[in-house]
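I opened the notebook to record what I looked up in this structure.

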Amino acid sequence: LACALLAATNMDWLIVYLSADMALFFLYKIARKDFFYYVNLVGPFRLSCSIVERFAIKTLANFTLLQNARNPCECGGLPFVSSLVISLAASFVSARLYSSHYEGDGDTTKLSDDTLKAILASL
C-alpha cells in the first residue's frame, strides 16, 4: 500500500523510501558481519553474489512476506519483523502524503479520505 500510494503521489519519494529501507538492511547485515552470503565463492564473485542475493531476498520479503526470509541466513528475525513494522508505519505516512500532495493526472480520480481510512483500518 505504501509503495502504491507513494508511486501515485511522487515517484522520487518512493525511490527514497525503498533506497533507505534497503540501505538499513545492508548496514544491519554489515554491522553483524553477516553480509557475505554463505555460498563459498572467492574474490569479486563473493561480493557481487552477496549483493544480488541480499537485494533479492529483501525485496521478496518486503513485497511477499516470504516466511523463509526469517531464516538467520537470509534476512533474520529482527530485520524481518522490523520491516513489517516499518512498512505498516509507511502505509499511514504515505496515505497522509497522498491525501495532501496528490495532484493526479487527467485520467485518474483521487481516492477520498474516507476510502483511505477504510483501507488503513483493514491493515
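The entries below go through helices, salt bridges, loops and a surface patch.

**Entry 1: the model**

I noted at the start that this is a predicted model.

**Entry 2: helix 1**

I began with helix 1, which runs over residues 2-9. I asked which of its residues are buried. I found Ala-2, Cys-3, Leu-5, Leu-6 and Thr-9 to be buried. They cover an arc of only 165° around the axis, so they sit on the same side of helix 1. I then looked up what these buried residues pack against, and found helix 2, helix 3, helix 4 and helix 5 (113-121).

**Entry 3: helix 3**

I went on to helix 3, residues 44-64, which has 21 residues. From its first C-alpha to its last it reaches 30 Å, close to the 30 Å expected at 1.5 Å a residue. I listed the buried residues of helix 3 as Ser-50, Arg-54, Ile-57, Lys-58 and Ala-61. They lie on the same side of helix 3, because they cover an arc of only 100° around the axis. What covers the buried residues of helix 3, I wrote down, includes helix 2 (11-31) and helix 4.

I also checked the face of helix 3 turned away from its buried side. Exposed residues are carried there, namely Pro-44, Phe-45, Val-52 and Phe-63.

**Entry 4: Ile-57**

Is Ile-57 buried or exposed? Its relative accessible area is 8%, and buried means under 20%, so Ile-57 is buried. Leaving aside neighbours within four places in sequence, I found Ile-57 in contact with Leu-66, Ala-69, Glu-74 and Cys-75. I also looked up the distance between the C-alpha atoms of Ile-57 and Asn-68, which is 9.4 Å. Ile-57 and Asn-68 are eleven residues apart along the chain.

**Entry 5: salt bridges**

Side chains of opposite charge can pair when their charged atoms come close. How many salt bridges are there? I counted two salt bridges.

One of them joins the side chains of Lys-58 and Asp-21, at 3.7 Å from N to O. This pair links distant parts of the chain, since Lys-58 is in helix 3 and Asp-21 is in helix 2, 37 residues apart. I checked how far each partner is covered. Lys-58 has a relative accessible area of 3% and is therefore buried. Asp-21 has 9% relative accessibility, so it also counts as buried. Not counting residues up to four places away in sequence, I found that Asp-21 touches Lys-58 and Asn-62.

Lys-29 forms a salt bridge with Asp-34. I noted that the closest N and O atoms of this pair are 2.7 Å apart. Lys-29 counts as buried because its relative accessibility is 2%. Asp-34 has 24% relative accessibility, so it counts as partly exposed.

**Entry 6: positive phi in the loops**

Most residues other than glycine have a negative phi.

Lys-33 has a positive phi of about 55° although it is not a glycine. Where does Lys-33 lie? I found Lys-33 in the loop between helix 2 and helix 3. At 79% relative accessibility, Lys-33 is over the 50% cut-off, so it counts as exposed.

Leu-65 is another entry under this heading, with a positive phi near 55° in a residue other than glycine. Leu-65 follows helix 3 and lies in the loop between helix 3 and helix 4. Its relative accessibility is 42%, so I wrote Leu-65 down as partly exposed.

**Entry 7: a patch on the surface**

I finished with the surface. Which residues form a nonpolar patch there? I found Leu-1, Leu-88, Phe-92 and Leu-123, with about 360 Å² of accessible area together. I looked up one of them, Phe-92, and placed Phe-92 in helix 4 (residues 77-101). Phe-92 has 43% relative accessibility, so it counts as partly exposed.

Key
Residues numbered from 1 in each chain as written. Predicted model: local features only at pLDDT ≥ 70, side-chain atom pairs only at ≥ 80, totals over all residues. Heavy atoms only, no water. Patch = residues over 30% accessible without salt bridge, like charges linked within 9 Å, V, L, I, M, F, W, Y side chains within 5 Å. Areas by Shrake-Rupley, 256 points an atom, 1.4 Å probe, with all protein chains shown as cover. Salt bridge = Lys/Arg side-chain N within 4 Å of Asp/Glu carboxyl O. Helix = DSSP H or I, 4+ residues; strand = E, 2+ residues; numbered from the N terminus. Buried < 20%, exposed > 50% of the residue type's maximum accessible area, 1.4 Å probe, protein only. Expected span 1.5 Å × (residues − 1). Arc of directions from axis to C-beta. Contact = heavy atoms within 4.5 Å.
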